[in-house]
Structures are given as structure tokens and as C-alpha cells.
Amino acid sequence: MGSSASKNTEEEEDDGSNGGGGQLYVSLKMENSKVEGELTPHVYGSVPIIGSWDPSKALPLQRESASISELSFVVPPDHETLDFKFLLKPKDRNTPCIVEEGENRLLAGGSLRGDARVALFKLEGDVVVEFRVFIKADRVSPFDLAASWRAYRENLQPSTVRGIPDVSINPDPSALENCPSESLELDLEHYEVPAPAASANSSLVYAADNAENPRSLSASGSFVNDNTPKGAASNSPRVSGVSVDGSPSAEEMKIMVPDSSDTSSALGVGESKSVGILSPFQHKDGQRGLFVDRGVGSPRLVKSVSASSFLVDLKLDAQTKNSMPAAAGAVAAAAVADQMLGPKEDRHLAIVLVGLPARGKTFTAAKLTRYLRWLGHDTKHFNVGKYRRLKHGVNMSADFFRADNPEGVEARTEVAALAMEDMIAWMQEGGQVGIFDATNSTRARRNMLMKMAEGKCKIIFLETICNDERIIERNIRLKIQQSPDYAEETDFEAGVRDFRDRLANYERVYEPVEEGSYIKMIDMVSGNGGQIQVNNISGYLPGRIVFFLVNTHLTPRPILLTRHGESMDNVRGRTGGDSVISESGKIYAKKLANFVEKRLKNEKAASIWTSTLQRTIMTASPIVGFPKVQWRALDEINSGVCDGMTYEEIKKNMPEEYESRRKDKLRYRYPRGESYLDVIQRLEPVIIELERQRAPVVVISHQAVLRALYAYFADRPLKEIPQIEMPLHTIIEIQMGVSGVQEKRYKLMD
């Protein structure tokens with residue numbers, strides 16, 4: 001793609017998003033903690049804010065905190081100049097309003113002309129009151145607009161697809177009916193239930209501890225032929241060879257290819273199966289081949305020596321077979337293209353992190369690993385700090401990280417080389433994407449890694465840069481709380497000082513990435529803008545990685561997942577359909593509304609997402625005060641010709657389909673329907689939008705869909721998705737933040 005950079009600024013040129021619903025979201029805030037009396041801040045002005053300069057029609061700023069009031073509105077990005085002023089309005093209607101001193105405020109092109117920081121008001125007796133003013137204008141998508149109830153109601157007209165609104169809102173409280181017997185008064189703690197043992201981390205876990213173990217570990221947890229300091233073994237995790245993160249092994253990821261004895265009989269005969277279709281196809285000049293569709297792609301076709309025919313390579317080496325992703329659609333198509341056209345080193349990708357400590361490298365590495373695994377790419381996270389702790393112990397002071405300490409430099413270089421060797425060896429056995437997590441802050445270190453990877457894998461450097469001192473300070477303190485490096489440090493502030501010294505040692509020799517293929521994330525962690533730069537990036541998978549990184553941030557917020565209330569088809573045991581909810585489902589809808597109101601009462605920007613099927617819409621209808629977004633991507637798995645049947649009916653009337661599904665629920669595709677892999681593919685935009693959101697989201701959907709979404713957050717292997725428990729009338733709260741992903745469950749009904 002060449003070298004390029006994009007920056008989220010207010011002066012950004014029009015990218016053509018106006019026609020797609022893009023708007024300019026304007027936020028006005030006023031702060032003053034010393035004002036006494038009955039004065040409330042208002043704003044009035046010209047079109048399109050108010051439409052007149054009548055103070056009686058001025059809009060009040062809503063109280064955000066004890067000292068801050070806020071008002072937001074939406075205008076087109078190419079708006080005319082906005083002309084407005086602030087005023088203080090007394091509650092006593094007979095008292096005149098107090099208009100701010102000075103000239104009118106002008107907003108043009110998304111930026112404010114003049115001094116926007118202070119508003120002065122002259123009260124009786126020539127008393128002057130000063131307010132601090134914060135004015136911000138950002139271009140936003142329709143989903144951002146949906147996060148603001150006032151902005152959505154006044155400015156966004158919902159579009160429709162096939163007669164069903166893409167975005168809808170239901171503020172009508174009349175949908176709430178009297179509950180027949182169950183009380184809607186909820187005590188959240190009373191309804192909390194334990195999460196499954198294999199679920200997302202329920203306590204704070206240092207992300208690096210979930211990275212891969214060194215291959216050179218012995219059964220005792222120490223390096224082989226190594227003088228490991230005492231105490232290091234006690235901090236080591238399980239033995240190498242056991243998957244810490246639960247990712248599928250190479251054996252589990254390989255696709256099934258028919259052996260040669262079956263090939264001859266299959267040619268000329270079309271055999272249809274639910275998990276795959278074997279069909280011969282003829283080419284000109286007698287060229288002949290075999291296509292195998294099992295939801296994960298197909299074996300490559302290799303040209304014979306005579307160039308007169310194409311034959312299926314039935315003796316694929318382990319590397320070729322295992323590099324096929326357990327995925328569908330574009331993911332599998334890209335893997336097939338890479339195998340057929342690309343050199344071997346391009347089939348394996350190494351994402352090498354670069355950056356100073358406390359810049360979010362490990363968090364970014366863990367998040368990217370989880371995303372790529374969920375898409376079906378065999379991905380592992382290799383953390384050099386974990387290698388260092390296992391080999392040299394955890395009691396390393398800042399002096400160990402000095403560039404003029406030859407013993408420290410040699411030790412750190414050694415463990416980096418060990419981790420790189422392990423990653424390359426894993427790739428040669430079939431792994432696809434390795435995330436190499438370390439500072440890698442000098443050109444010498446990066447040159448060493450590139451030399452080791454030459455001819456074996458493609459390296460893309462991912463540099464994380466943060467200039468926000470508040471975020472750096474927060475990350476430093478989290479590091480002291482969570483990192484095993486400071487587990488034995490009883491004095492917290494002493495640990496902070498040591499880490500600052502370590503950071504200073506790295507800063508003295510830090511060299512930004514300017515070589516090779518790279519992605520630079522500059523001040524992206526807050527989700528409030530920033531800059532991402534890419535250089536020499538091409539290909540399907542690198543492109544998906546860039547797209548994912550653009551939409552991620554560290555803002556903590558909860559995501560609530562729940563199935564719709566019990567439907568009539570649930571009662572009858574039928575698959576699919578679009579039935580209404582039962583009486584029990586209606587009770588749950590009311591309990592859910594009460595729960596959401598109580599849990600998110602202080603979250604004005606929260607939103608409710610449902611599918612387009614009526615059982616989820618009916619479940620969400622009692623929830624008021626929050627915008628509701630309907631996603632077709634959240635519709636239940638399409639059961640094709642089996643829609644509306646019970647599993648007993650499928651077993652009786654379609655025994656082959658029933659057996660095929662029983663053997664491989666992940667890849668099984670209903671005739672004219674979908675597989676779980678297909679569901680994952682269509683859910684990717686939902687995941688990206690969930691990552692991009694900075695406010696809480698309540699997702700009301702269906703069992704198969706929620707299994708796939710939950711597997712992403714919990715980092716569960718693909719093969720486990722069809723068996724994940726997703727009970728009715730239960731809320732799963734996923735808490736996303738800098739400490740990783742934690743989970744709580746609330747069971748509102750049996």
C-alpha cells in the first residue's frame with residue numbers, strides 16, 4: 001500500500017461519508033463550581049441550533065456533574081456557520097436572563113473561531129462570573145448518533161432495508177404491563193451466579209501470563225540445561241505442549257482430504273454431503289481436478305509436470321494442511337489464494353511489537369491474538385518478558401535493563417532469540433500468525449529478528465506510541481499491580497520508582513521504526529482519535545489487522561449479552577422461525593428492562609442491539625430511555641430447509657443430515673442454510689463495532705449468535721463454540737478494559 005498516514009482531526013477532508021449518514025456531533029460544556037443561586041446554563045442562537053435569538057426558547061445544558069453542564073447536538077458536516085451564545089437563566093421567570101459578555105460564538109467547518117475557553121457573565125453589582133467552556137466537534141457514524149438519545153431523536157431519520165428499520169427506537173413506556181406474580185424489584189447481587197470455569201477471566205490476570213510457554217521448558221517448569229534462579233520455577237505456568245490459551249492445536253486445525261483410494265471412485269460421481277461437497281469438474285484438453293468444500297476452503301490444485309492436467313495434491317505436507325484456517329468465506333478464500341500463489345514465507349506472518357514499556361503492547365498483542373483466532377487463523381502470542389522471567393527470575397532491578405550493562409543486554413538478547421526460534425519452529429509446523437511481544441526498541445534488535453525470519457515468515461512491525469502522560473501513568477501503576485516482576489515488591493511506590501528507572505533506560509536508546517513493513521499506532525488507545533501510519537502493507541490478512549487496530553481502544557465499558565425471552569418455538573422445541581415470545585418470555589422482558597435501568601442508570605450513551613426477528617424486538621420493547629439498533633447480522637443461524645422442524649423430526653426424516661451435524665457442528669451447514677463458521681463471518685462487523693463503542697451495549701440475540709460472540713470475548717477455541725452454554729433468561733456481562741476481559745452472570749429467571 002506504500003507509506004501513508006491518516007489522522008482523526010476536526011479539519012479532516014470530506015471522505016464522502018455524508019451520503020452514508022455521517023454527521024457532525026457538537027458537544028458544548030460549561031464548568032463552574034462556585035455559582036450560587038438558581039441560575040442554569042443555556043444556549044441560544046441561529047439555525048440549526050434553535051432557529052431564533054429568543055431567550056425563552058434557549059436550550060438548557062444538562063447537569064453532567066456537580067460543576068459541569070453539557071449539551072450536544074448534530075449538524076451536517078458541511079453546515080453553514082453557526083452563530084450562538086451562552087446565557088444563564090434564573091428559575092424565577094420574572095427575572096431577566098443573563099447573556100454572556102463579548103461577541104457571538106461562530107462554529108464553521110467543525111472548528112470554533114475566537115477564544116472558546118471562557119464565558120463571562122456580569123451579575124448584579126458588577127459581579128463577574130467566569131465559566132470554563134469546552135466545545136468539541138467530531139464526525140460520527142449513525143451508530144454514534146444512536147448512542148445519543150437527543151441527537152438521534154432530533155436529527156437522524158432511520159433508513160429501511162426490506163421494510164425493516166435499520167435503526168429504531170421505542171420510547172413508549174406503555175409497553176410495560178403489570179407483572180402477574182414475579183416482582184420486578186431487582187437486587188443485582190442477589191441474581192449473580194458463578195460463571196463457568198472455562199469462561200473469560202473472572203479476576204485480574206496479567207496478559208503476558210497467557211502467552212506461549214518456552215519450548216525449552218522441562219517438566220518442572222524450568223529451562224533445560226539452565227541455571228534458573230531459585231523462585232523462578234514457582235512463577236512458571238504449565239509445561240510446554242499444553243495450550244495455555246485454549247487455542248486449537250495443529251492437529252485440530254487441519255482439514256480433511258480424501259485419500260487416493262476414494263479419489264478414483266469419486267471422479268465421475270457427484271456425492272453431496274452436508275459437511276462437504278465432492279464434485280468433479282472438467283477442463284479443456286482433458287484437464288481434471290477435484291473440489292472439496294468443507295467450509296474451510298479446499299486443498300490446493302497443483303499442475304502436473306507435463307502441464308497437461310491438474311491433479312489434487314493428496315500428499316500435502318503438514319505445513320500446507322495446517323495453514324488452512326478453520327473459517328469460511330473471505331478468510332478461507334484468502335488462505336487458498338496465498339497457498340496457490342504466494343511463496344512459503346508469505347504464508348506465515350509475524351507481528352513484531354515495538355514500543356517503550358507501559359504503552360499497551362501486551363494488551364494490544366493479546367487482543368489481536370484473540371481476534372485472529374476467532375476468525376479462524378492459527379495464532380499464538382509469544383511474550384519475551386515471560387521467557388525472561390522463567391529463565392532469569394523476577395527480581396530484576398532497573399539496572400538489568402540498562403544499555404551499558406553487557407550482561408543484561410546479552411541475557412535479554414538471548415531470551416528474545418529463544419522466543420523467536422520457538423515462534424518460527426511453530427510456524428514451520430503449521431502455525432499461521434505469530435505475535436512477538438517485546439520492546440524491540442533498537443534497530444539492532446529488529447535487524448536480528450528480520451535475519452532470523454528471512455525466508456521463513458513475513459515480518460510486520462507494530463509500533464505503539466503514546467504521548468498522553470495520564471495514560472502512561474495509569475499503565476505504570478497497573479504494571480506494578482499486575483506484573484510478576486513486582487509480585488515480591490511490598491512497597492508499591494518503590495516499585496513505581498524502579499519501573500520509571502527501567503523506562504528511562506529504554507528511552508535513552510529508543511529508535512522508532514523506519515524500516516521494513518510497519519504499522520504505527522500513535523495515541524490510539526483512548527479511542528478519541530489519534531493517528532495510524534502504515535508502510536509497505538498489502539494482502540488480505542495484514543489489511544484486516546490494520547482495520548481491527550483502527551477500531552480498538554482501552555476505554556472500560558460493559559457489554560451485556562442475553563438471549564431473547566422464551567419464544568413459542570422454544571416451547572415447541574422447533575428450530576429457527578420467527579415466533580413471538582411466550583408468557584414466560586414476557587416476564588423476562590420486564591425483568592430485563594428493570595435490570596438494564598438499574599445497571600445502566602448512569603450510562604446515558606448506552607444502546608440496545610437486537611436482531612431483526614420479533615422475539616428479540618419484543619424482549620427489548622419494555623426497555624425505555626435508550627436507543628435501539630437492529631442488526632440483521634444478529635439474526636439466528638439460518639437452518640435452511642430444516643427451519644421450523646424439531647430435532648426429532650430432522651433425525652427421522654433427514655438422518656444423514658442429523659448425523660453429519662452431530663459429528664461436526666462447527667462446520668456443518670444446514671442445506672440452503674448456514675454453519676457456525678458462516679455465522680462468525682457475518683458477525684465480524686458486529687465485533688468491530690463493539691470494539692469501537694465507548695459506551696455500554698446490551699446485545700439481545702439468539703443462542704448460536706451469542707455463542708459465537710461470547711467465544712470472541714472469552715477467547716474460546718472455535719471447536720468449542722457449538723457446545724458453549726448460553727441459557728435462557730440469563731445476562732452475561734462482559735467487562736472490557738485495560739485489565740483484559742472479565743465476566744459476571746445474572747440469572748433473572750429459571
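What share of the contacts in the protein chain between residues at least 6 apart in sequence join residues at least 24 apart? The share is 69%, where contact means heavy atoms within 4.5 Å. The model is a predicted one, in which local features need pLDDT of at least 70, side-chain atom pairs count only at pLDDT 80 or more, and totals for chains, interfaces and linings use all residues. Residues are numbered from 1 along each chain as its sequence is written, and side-chain values use heavy atoms, with hydrogens and water left out.

**Overall composition**

The protein chain holds 22 helices and 33 strands; helices (H or I, at least four residues) and strands (E, at least two) are DSSP runs, numbered from the N terminus. Of its 750 residues, 52% count as buried, buried meaning under 20% relative accessible area, exposed over 50%, and partly exposed in between, with a 1.4 Å probe and protein chains only.

In soluble globular proteins, nonpolar side chains tend to be buried together.

Not counting residues up to four places away in sequence, Ile351 touches Leu368, Val433, Gly434, Ile435, Phe436, Ile460, Leu462 and Ile545. Strand β22 (residues 349-354) has six of its six residues buried, so it is largely enclosed by the rest of the structure. From β22, Leu349, Ile351 and Leu353 point one way while Ala350, Val352 and Val354 point the other way, and all are buried. In a regular strand the side chains alternate between the two faces of the sheet.

**Strand pairing**

Two strands pair if DSSP finds at least two bridges between them, and the pairings of β22 and of β3 (residues 39-45) are set out below.

| Strands | Sense | Bridges | Bridge partners |
|---|---|---|---|
| β22 and β24 (residues 433-437) | parallel | four bridges | Leu349 and Val433 |
| β22 and β25 (residues 458-465) | parallel | six bridges | Leu353 and Leu462 |
| β3 and β7 (residues 82-90) | antiparallel | seven bridges | Tyr44 and Lys85 |
| β3 and β4 (residues 59-60) | antiparallel | two bridges | His42 and Pro60 |

In β3, five of the seven residues are buried, so this strand too is largely enclosed by the rest of the structure. Phe86 has its place in strand β7, and it counts as buried because its relative accessibility is 0%. Although Phe86 and His42 are 44 residues apart in sequence, they are 5.7 Å apart in space, C-alpha to C-alpha. Leaving aside neighbours within four places in sequence, Phe86 is in contact with Leu28, Met30, His42, Val43, Val99, Glu100, Arg105, Ala119, Phe121 and Val133.

**Helix packing around α21**

Helix α9 (residues 361-375) and helix α21 (residues 676-692) pack at an angle of about 160 degrees, with their axes 10 Å apart; axes are lines fitted to C-alpha atoms, for helices over the stretch in contact, and angles run from 0 to 180 degrees between N-to-C directions. That angle makes α9 roughly antiparallel to α21, given that angles under 35 degrees count as roughly parallel, over 145 as roughly antiparallel, 65 to 115 as roughly perpendicular and the rest as oblique. The crossing of α9 and α21 is right-handed, a crossing being left-handed if the near helix is turned anticlockwise from the far one by less than a right angle, and right-handed if clockwise. On the α9 side the contact is made by Lys367, Arg370, Tyr371, Trp374 and Leu375, and on the α21 side by Ile680, Leu683, Glu684, Ile687, Ile688 and Glu691.

The axes of α21 and α22 come within 9 Å and cross at roughly 60 degrees; the two helices are therefore oblique to each other, and their crossing is right-handed. Among the residues that meet here are Val679, Leu683, Val686 and Leu690 in α21 and Val705, Ala708, Leu709 and Phe713 in α22.

In the loop between α21 and β31 (697-701) lies Ala695, which counts as buried at 12% relative accessibility. The C-alpha atoms of Ala695 and Ser607 are separated by 7.8 Å, the two residues being 88 residues apart along the chain. Leaving aside neighbours within four places in sequence, Ala695 is in contact with Arg557, Ala605 and Ala606.
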